[in-house]
Amino acid sequence: MFGKFGVWEIVLILVIILIVFGVGKLPQVGGAIGKGLRAFKKGQAGEEEEEAAPKPKKAVRKKAVKS
């Protein structure tokens, strides 16, 4: 349908993605896409997806400042 993509087309697509999302958000975007693909594959296989409980964050203790 779209034919083969050459090296320059792939580079152009990656540059546009960097401009749109920025370098800082790329890991978040990649993680979200990965979770979506995994959920899609599980749905295709007929498995039900369970809601994963959020992981508890570590408690951060503040150091007392001596005056």
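I take the expected span of a helix as 1.5 Å times one less than its number of residues. I begin with helix 2, which covers residues 26–45. Its 20 residues reach 28 Å from the first C-alpha to the last, close to the expected 28 Å. I keep in mind that this is a predicted model.

**Overall make-up.** I looked up the secondary structure next. The protein chain has 2 helices and 0 strands. I then checked how much of the chain is covered. Of its 67 residues, 1% count as buried. The chain exposes about 7,300 Å². Carbon and sulfur atoms supply 64% of that area.

**Helix 1.** I find helix 1 at residues 7–21. It has 15 residues and reaches 21 Å between its end C-alphas, close to the 21 Å expected. I looked just past its end. There Gly 22 takes a positive phi of about 80°.

**Helix 2 again.** How many buried residues does helix 2 have among its 20? I count 1, and note the helix as hardly covered. Just after helix 2, I see Gly 46 with a positive phi of about 95°.

**The surface patch.** I searched for nonpolar side chains on the surface. Phe 5, Ile 10, Leu 12, Ile 13, Leu 14, Ile 16, Ile 17, Val 20 and Phe 21 form a nonpolar patch there. Together they have about 840 Å² of accessible area.

What does Phe 21 contact, leaving aside neighbours within four places in sequence? I find Leu 26 and Val 29. Both contacts fall within the residue range of helix 2, 26–45.

Technical notes
Residues are numbered from 1 along each chain as its sequence is written. This is a predicted model: local features need pLDDT of at least 70, side-chain atom pairs count only at pLDDT 80 or more; totals for chains, interfaces and linings use all residues. Side-chain values use heavy atoms; hydrogens and water are left out. Patches are made of residues with over 30% relative accessible area and no salt bridge: like charges are joined within 9 Å, nonpolar side chains (Val, Leu, Ile, Met, Phe, Trp, Tyr) within 5 Å. Accessible areas come from the Shrake-Rupley method with a 1.4 Å probe; for residues, only the protein chains shown count as cover. A salt bridge is a side-chain nitrogen of Lys or Arg within 4 Å of a carboxyl oxygen of Asp or Glu. Helices (H or I, at least four residues) and strands (E, at least two) are DSSP runs, numbered from the N terminus. Buried means under 20% relative accessible area, exposed over 50%, partly exposed in between (1.4 Å probe, protein chains only). Contact means heavy atoms within 4.5 Å.
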